[in-house]
Amino acid sequence: ANSSSSGSSSTVNTNAGHPRGADESPSQAPARPLHEGRTEAQRTKLIQQQLVLLLHADKCLKRDAQRQAPFVPCTLPHCATMKTVVVHMSRCRDGITCTFAYCVSSRKII
């Protein structure tokens, strides 16, 4: 279910560069370093995509807390993963030594 942007720069391909399968939890597999085998333009795009996902996940978590039953999960690819990262980051005290996937890179981005 890749969404791609062929002509619009405002559309974000949320699946591009995702280092693991959609069913893996963020703490189970090591995240691939953003610099590994990528051009500067590719790294910039991945950072922007991760920032968009983090911002969405934060907003989505707040929406979930206010939503009345029945609960309807977000269908944005990787939202659930990034929600776990946002929740984890709010409690994480490990800084750059944290091994939870996306914690360190997300902390650097925001």
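Start by selecting Asp64: it is buried (under 20% relative accessible area, where exposed is over 50% and partly exposed lies in between, with a 1.4 Å probe and protein chains only), at a relative accessible area of 18%. You're looking at a predicted model, where local features need pLDDT of at least 70, side-chain atom pairs count only at pLDDT 80 or more, and totals for chains, interfaces and linings use all residues. Residues are numbered from 1 along each chain as its sequence is written, and side-chain values use heavy atoms, leaving out hydrogens and water.

Lys83 and Asp64 form a salt bridge, with their closest N and O atoms 2.5 Å apart; the term means a side-chain nitrogen of Lys or Arg within 4 Å of a carboxyl oxygen of Asp or Glu. Lys83 sits in helix α2 and Asp64 in helix α1, so this pair ties together parts 19 residues apart in sequence. Helices here are DSSP runs (H or I, at least four residues), numbered from the N terminus. Lys83 is buried too, at 12%.

Next, click Arg67. Its closest N and O atoms with Asp64 are 3.5 Å apart, another salt bridge, and Arg67 is partly exposed at 32% relative accessibility. What do salt bridges that share partners join into one network? Asp64, Arg67 and Lys83.

Slide along to Lys62 and Asp58. Their side chains meet in a salt bridge too (3.1 Å, N to O). Both lie in helix α1, four residues apart, about one turn of the helix. Asp58 is partly exposed, at 29% relative accessibility.

Last stop: select Ile110, in the segment after α3 (103-109). Ile110 is exposed, with a relative accessible area of 63%.

Methods:
Helix = DSSP H or I, 4+ residues; strand = E, 2+ residues; numbered from the N terminus.
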